[in-house]
Amino acid sequence: MSGHTAPDPAGFPRQFARTRRFSLGVPRQFTVSPDGRRVLFVRTGSGRDPVGRLWQYEDGAERLLADPAVLVGAGAETVPEEERLRRERARERSVGVVAYAADGAARLVAFALSGALWAVRTDGGAPFPVAAAGPVVDPRPSPDGRYIAYVSARSLHVVGLDGTDRQLARSEGPEITYGLAEYTAAESIGRSRGYWWAPDSSRLLVARVDTSPVERRYLSDPADPAKPPRAIRYPAAGTANAEVTVQLVALDGRRMEVVWDRAAYEYLVAAGWDAHGPFLAVQSRDQRTVRTLAVDPATGATEVLHERTDPAWVELVPGTPARTASGALVLPEDTPDTRCLAVGGHRVTGDGLQLREVLGTEGERVLFTASEDPTETHVWCYEPGHGTHRLSREPGRYGGAGRGGTVVLAGVTARGAEVTVVRGAAGAYAPVGALASRAEQPVVAPRPRLLTLGERELRGALYFPSWHREGTGKLPVLLDPYGGPGMQLVGRDRGWPACVSQWFAEQGFAVLVVDGRGTPGRGPAWEKAVHGDQLGPALQDQVDALRATGERCADLDLGRVAIRGWSFGGFLAAAAVLHRPDVFHAAVAGAPPTDQRLYDTHWKERFLGHPDTHPEHYARSSLAGHGHRLRRPLLLVHGLADDNVAAAHTLRFSAELLAAGRPHTVLPLPGATHSPADDTVNENLLRFQRDFLLDALGTAGG
């Protein structure tokens, strides 16, 4: 491979790390004003500047509302523990203004900086500090803009703009929090909030979390033996969850418990308060039933508005449940092959259009994202009398926000991140502007060849080196999947995974990426094909896709095949060399969940059931107990501060491999979480994986 030229692949690892996976400089977190004339958003200063700033777009122009460097200086950020955990769970890659909330008119905006509470008015004037009782987490203005609620020391407060502070719900001890999402909600359910304002600003709906029943784990730093371990509460599969209750809390401190059958429905998966009153969505422990409940604000009693059931599990769709102005419930409704959008009990989308997320409602209009083709996700609008209309046009993956006839289309296309502002009604929307992306252009441009493979029509992307000419020689193959629930890698967009796959291709590999069964975007039956077995179908799809690609492309050397991945992808990579050494000749497994019993309740029991009831599901889906099978080179990589997939997964599996006499390599990352934040680590980790794989396949040096 020596002597070949490529588009500066040597500089890519540094750029990838310094740009935080090309996320810096990209506009995000959009709020549209009720009249549709203004858009609030967060963006860092450049593609390598990690400091988030608050901006407003109006009449085609952007205006800076809050710059942390001016407000608190350019020194190191001090973040409360609860906020640090929230950022880690959100995989937050910037500092400064990383989140904000606005009042109903989008005129008052609140945000936290280094634990201090700040606010700014969008109609002019500088940001101003607001006195708070202590370090602030998740500040949110009341809809009328008179107050700001926030969490401090696990307690919920409300402060007026004059600095008058009221503690509405005081934590009774170190295991009790008010107004914050618990681990399971934030990490596995997708609920990041713990309190919600009433539309009239008189009360709040507040989650109370008691983590005392949850098992303790201890995270230590072996690189700093003088540092004491940190205790965390982690609900491993089959063990107790946190106890989550909900209260109605008035501004004068009066509190009322919300009542539902918590023994039968222990998961609070969503909540809100709209013009029709407060509501909850609760889920059974086996995840086969989700109920939407109306809450009586006078008594706290609940009434079942809707119930969804499924023999495997009920998939939770972000943004649901919701209600239109008339009170029509907005929910997903599944057929075997399609996840539809239902409004008021009627399906409003047809077969083959897969609902992904509800972005919001306004009047009777529903803004949502959906996929006709699993390689694309677009923004759609439903309106009675006009049906459904697709708003985003170019191929890619889109999200966004809308209000007042304005929709922000935030997409990743083949050109990278792009944010367009459109206005209109009844399906007739036209572009009126754009929010500038300051993200860097990758020095290695992805060149995927999209494929549909085999009888299951697996979606794949094949990357060749830019210098390779077809028919001039065989290349070693690298599979680069995620392959599990919640994430797709194959698409008509230039996301960061595509850039990484192309970089590995420039090192001399033919890189194949495949989304198999269990990945989203292809309907309920496709997602639930892994129920009871998260390993067999996922691995078989990688094997089948590799063989189908080899039949099409003679330049693939199927005698030299490697596989790499992180998290579920790392699990899949390690499983590949354990169970199919006839196909795979080397693997890099990053943060692999090797023993499914060690993973958390909601995520793992969704696919495998309760481990006491279905131990066979956990045995067949784990690598633990199969270490004696290893015959191929395997590199295990794990952050020692990972509170999602504990380092115990890798350390125990390594011990099993050693006891079986199976050579392998372990790369521990001191201080690193599930998503390592250190730029130097992320830069050199790519090179380390490349060198290991080239050496393992006997291709180092050309």
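**Close-up views of a predicted model**

**View 1. Ala119 of strand 8 and its partner in strand 9.** Ala119 has Phe128 of strand 9 as its bridge partner. Strand 8 (residues 116-121) pairs with strand 9 in the antiparallel sense over three bridges; two strands count as paired if DSSP finds at least two bridges between them. Helices (H or I, at least four residues) and strands (E, at least two) are DSSP runs, numbered from the N terminus. The two strands belong to an open sheet of four strands in the order 6-7-8-9, with antiparallel pairing. Strand 6 (101-102) and strand 9 (128-130) each have a single partner strand and stand at the edges, so one side of each is left without a neighbour in the sheet.

The model is predicted: local features need pLDDT of at least 70, side-chain atom pairs count only at pLDDT 80 or more, and totals for chains, interfaces and linings use all residues. Residues are numbered from 1 along each chain as its sequence is written, and side-chain values use heavy atoms, with hydrogens and water left out.

**View 2. Confidence along the chain and at residues 1-6.** pLDDT is the predictor's confidence in each residue, from 0 to 100. The protein chain has a mean pLDDT of 95, and 96% of its residues reach 70 or more. Over residues 1-6 pLDDT stays under 50, and the model has 14 contacts beyond four places in sequence for them (contact: heavy atoms within 4.5 Å).

View 3. Six of the six residues of strand 43 (residues 634-639) are buried, so the strand is largely enclosed by the rest of the structure. Buried means under 20% relative accessible area, exposed over 50%, and partly exposed in between (1.4 Å probe, protein chains only). Leu634, Leu636 and His638 point one way from strand 43, and Leu635, Val637 and Gly639 point the other way. Strand 42 (residues 586-590) runs parallel to strand 43 and is joined to it by four bridges; Ala589 has Leu636 of strand 43 as its bridge partner. Five bridges pair strand 43 with strand 44 (residues 665-669), also in the parallel sense, and Leu635 has Thr665 of strand 44 as its bridge partner. From strand 43 the chain crosses through helix 11 (residues 648-659) to strand 44, a β-α-β crossover that is right-handed (with the strands pointing away from the viewer, the path from the first strand over the helix to the second runs clockwise).

**View 4. Aromatic pairs.** Rings of Phe, Tyr and Trp (its six-membered ring) pair if their centres lie within 6.5 Å; planes under 30 degrees apart count as stacked, over 60 as edge-to-face and the rest as tilted. The count by this rule is 12 aromatic pairs. The ring centres of Phe12 and Phe22 are 5.9 Å apart and the planes are at 35°, so this pair is tilted. Phe12 lies in helix 1 (residues 12-18) and Phe22 in the loop between helix 1 and strand 1 (28-32), so the pair ties together parts 10 residues apart in sequence. Both Phe12 and Phe22 are buried. Trp313 and Phe607 form an edge-to-face pair, with 5.0 Å centre to centre and 80° between the planes. Trp313, in the loop between strand 24 (302-309) and strand 25 (322-323), is 294 residues apart from Phe607 in helix 9 (residues 601-608). Trp313 is buried, with a relative accessible area of 2%, and Phe607 is buried with a relative accessible area of 2%.
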